[in-house]
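Me: I would like to go through a few of the labels attached to this structure and ask, for each one, which value stands behind it.

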Amino acid sequence: MILSKGCGTLKDLVEGAILRFKYKQTQFDGIVISYSNGLVNVKLSSGYNMTIPVDSMDDVELRGTRKIVSTEARKGKPDGGKKVGLLATGGTIASRVDYVTGAVKPVLDPAFLEDSVSNIREFSLDMDLMDPVLSENLKPNDWVEIARRSLKLLERNGGTIVLHGTDTMSYTASALSFMFQEQTGPILFVGSQRSSDRPSSDAFLNLEAALEFSKVPMGEVGVVMHRNISDHEAALHRAVRVRKMHTSRRDAFRTLGGKPMAVYSSGAARFNEGPSPASERNVLMDKLERKVSMVYFHPSLEPDDLGQMLDGRRASIIMGTGLGHVGRRFYGIIKDAVDSGVKVIMTSQCINGMVDMNVYSTGRELQSIGVIPAGSMLPEVAMVKSMHLLGNYPDEDFIGLFLKNMRGEFNLRDGLGDEPI
Amino acid sequence: MTAPVKIGLEIHVQLGGRKLFCECPTESDGTKSGSIYRKLSLSTGEMGNYDPAAVYERGRSRVFEYEISDNSCLVEYDEEPPHDVNSEALLKGLAVSQALNCRTVDVLEYMRKIVVDGSNTSGFQRTAIISFGGWVDTTRGRVRISTICLEEDSARKISDASAEVSYSLDRLGIPLLEIATEPDILDGEHAVEVAKQIGDIILLSGWSRRAPESIRQDVNFSMGYGRVEIKGVPKLSVIRDCLLYEKERQASLKEMADKLGSNWENGIEFTDVTELFAETGSKVIRRSLEAGMKVYASLLPGLNGYLRNGTYRLGRELADVAKLYGSGGIMHSDELPGYGVKGELEPLKDMLKPRADDGFFIIVSDDAHIRIIGSEMNARISKILRLDLSETRYADAQGETHYLRPLPGGERMYPETDIPNYPITRELMRRSQEIVPKSREELIAEFSRKYGISQQEASSIIVNNLSSVIDDYTSVLGNGKLASRLLLQVIPDLARKATRNINMADVRKLLTALAGRSAVKEEYERALDLLIVQSMPIDSILVSPELKHIDDGELRKAILALYEGESINEKNLIPRLKATVKGIFDPSTAFRIFKDISGEQN
């Protein structure tokens, strides 16, 4: 790098430095966005960013500095009357581009949604901001934290909205669904598949719909996301029946084996079934048993592998094949586990449909060993439910409660669902 | 004193093959499967500010329909992150850069350019500078190339109503080379020369899509009152026309501003005058009223005689705003009475009470948009009178330009975080050097040698963008001269006689089958006639008696019959024979027999 007058040293290549320089004999003006590993990233006056090896920059002239204001929190929040709690935990819906590193990362302030969510001014937001976290980093302790904060928001407001990353959203939502024995209003999980710095983000409609659902006096935990890939409709899914079924589509969240509880469209909510009514009070049972494992069965799995996942656990959820099967070679190790008190629960890796262990001899034999068929319960829900039951109830009540339809986790009438995926 | 005129060009060329960020082909078969509906919201730029063009679009808050074409996937629906950049397109872009003497960037860095007019499902266009600092030498001096970008093309607009705009996804994501010049262009003629010269390089390479809209030009113009960007000029000849138009428009606005001064006190205030038009004789207004619209009127203080009078056309500047918000347009005092509006005029004047120097106008609009139309019109007149004419415009087919939106700023760009930066390696540079497009002269010499054709034929192949087709046909037929004759003469002649469009895939299929049985030239021509003009299925063509070879005896009989029946000579012999005989014969044999017969008879 050749420096010209006015530019001291490489040290001047700080974020916000306004430069005039030559690169391959062509003069450019721009602002330094970053400088690392010998590469300078400059925002040119044309708006383009260019990454330039520092050695290729000539006649560098420092012409001033400018502060780069990256998406700062703005003051004030909507105050439109109808009270609603808003808990921001992180994820894409509360993410923006970090212009310094160029990556999408969680930010604290969801107030930027104001400009783009059409009904937000009807509401008075009671906001609680957690340290933002991408949902793949969440652990059961965080579910408890989210539940406790939601409880406070429920007590101060009507409904509560939880902004959450989509990757593990259905785990957290179903955990809260079991943890709240009674609730005074809806707890609605909202995420987005496109970050809100993008004009096409799905966050705006999802939040608009969640705000509308927050007015409904229901005692349910739900997930509110796009119903299809247009911006016309959002669906409210029951937390214990929803699953993320696509890596990137806006309508990744699906109620499996049935219709979503409700659909929001053009400012109005339409319910497919009546939700459980809101209670007079909130009751939270927030203990969780962590010693629960989940195993995906496959032809190459060895009994030792399964043994390790059963060892020291109080319950284990097996995602078996088809109607709920594992190979004969596992009978021994499963029987040992059941005999030592482990609840071994069978779900299906088909995800859609129910486990039925009476059709084939394998299923019947597994039942006789003591494996508990989870019916139509989703594997992740079966895991969360086991954690909840083992954390809060005596061991002998487990099977009875597990097989009881506590929150709508069993789909009793499997039809063609909402629409084919 | 007026500032010197500055003219620059942005030339956009679509590359054929596959799309820039997915595996979809650039060509569509025209089928569609349903639609997606979206809205777009605004986002801030890297510096935390909103872009003026984006703010303007948000004011129009529209729903966008996207028709799903067969050549689109989740990437075009904005339902999946972009895949790796198409390395073929990148290589071609680098090669074109070298042909235009540009210097290549060390690192390819994709940006998101915010575009919220719906032409991108994501709300932004992905674009990266691949090279800069080049030039072309023209007959009137050197014109510098500032940058070449490799970007994704936008969605193709199908229809545009005020509340809903429809696009097709067939064009979205096609690799687009954007070649921008510095404002070194001298005038309209020169602009045409530069556009042609740059366009040629890519056309000659055979890399552009074979489609009418594969090259589009944006024209940048200024004469001291701010930069005007004229978008999407489709034809070279229109470049000249729109520059002339724009120069006159700006000169006339300057003259008006000098007379009127720069103060515009937001003089437009609308009054609902629908009642006055209950019995109107204007068909346009009646239709709009039936569609639920209303008629509004406003004074234009001090503007009498400036709306449409000689070169003054302020009325048109207002009409452009009206159209953008779904209004059918305006009618103003310089053109009324007219358009079937007559009896309403006096009551209208009684209501508005214009002074002698006041103009006025009426506009048909829906209730929802009239406020924003008013404020946009006031802002527009004020901006014009301050002689800030900078904006984005578009050119129609006649070369007249119209207001489109404010000029975008640098705020509309931020890094595309889904695509990692991509180093331009020495290996890439080496590979691109090997394919740098050749000049016209080099190509003509090469084609003429390679296919054994004349320089003139080679030139026609190039002009008609048939380089890749002749290569293919030559390999099918094993004969470059025949391929050239079929492409340049036979097929175009038959196409003129045909009633249906030619299916080139069928043509290729037929040629392949004929080549397999070592057909002669006449056989190809006859078979193509059956396919193209008579629409016969390929299977039937191949067994048609018309493709049977006629032996010398039969040919002799036929010529003898003709000779006796009517006057034939060497000139009309072959056409007459073709008309009477079914089957393939060798013309030189026919001539020999004809000479024999005429010798015998004499």
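Me: Why are α4(B) and α6(B) called roughly perpendicular to each other?
Reply: In this predicted model, helix α4 (residues 236–260) of chain B and helix α6 (residues 314–324) of chain B pack at an angle of about 110°, with their axes 10 Å apart. Angles from 65 to 115 degrees count as roughly perpendicular, and α4(B) and α6(B) are therefore given that description.

Me: Which residues make up this contact, and of what class are they?
Reply: From α4(B), B:Tyr245, B:Arg249, B:Leu253 and B:Met256 meet B:Leu314, B:Arg316 and B:Glu317 of α6(B). By class, the contact of α4(B) with α6(B) has 4 nonpolar and 3 charged residues, and no polar ones.

Me: What makes B:Thr401 count as buried?
Reply: The relative accessible area of B:Thr401 is 0%, and buried means under 20%, so the label applies to B:Thr401. B:Cys242, which is among the residues in contact with B:Thr401, is likewise buried, with a relative accessible area of 0%.

Me: How do you know that the side chain of B:Thr401 makes a polar contact with the side chain of B:Glu246?
Reply: The distance is 2.7 Å, and the cut-off for such a pair of N or O atoms is 3.5 Å; the side chain of B:Thr401, in strand β19 of chain B, also makes a polar contact with the side chain of B:Arg393, at 2.9 Å.

Definitions and conventions:
Residues are numbered from 1 along each chain as its sequence is written. Chains are lettered from A and ligands numbered from 1 in the order in which they are written. This is a predicted model: local features need pLDDT of at least 70, side-chain atom pairs count only at pLDDT 80 or more; totals for chains, interfaces and linings use all residues. Side-chain values use heavy atoms; hydrogens and water are left out. Axes are lines fitted to C-alpha atoms, for helices over the stretch in contact, and angles run from 0 to 180 degrees between N-to-C directions. Helices (H or I, at least four residues) and strands (E, at least two) are DSSP runs, numbered from the N terminus. Angles under 35 degrees count as roughly parallel, over 145 as roughly antiparallel, 65 to 115 as roughly perpendicular and the rest as oblique. Contact means heavy atoms within 4.5 Å. Ala, Val, Leu, Ile, Met, Phe, Trp, Tyr, Cys and Pro count as nonpolar, Asp, Glu, Lys and Arg as charged, and the others, Gly among them, as polar. Buried means under 20% relative accessible area, exposed over 50%, partly exposed in between (1.4 Å probe, protein chains only). A polar contact is a pair of N or O atoms within 3.5 Å; within protein, one must be able to donate a hydrogen and the other to accept it, and residues adjacent in sequence count only if both atoms are side-chain atoms. Lists of a residue's contacts leave out its neighbours within four places in sequence.
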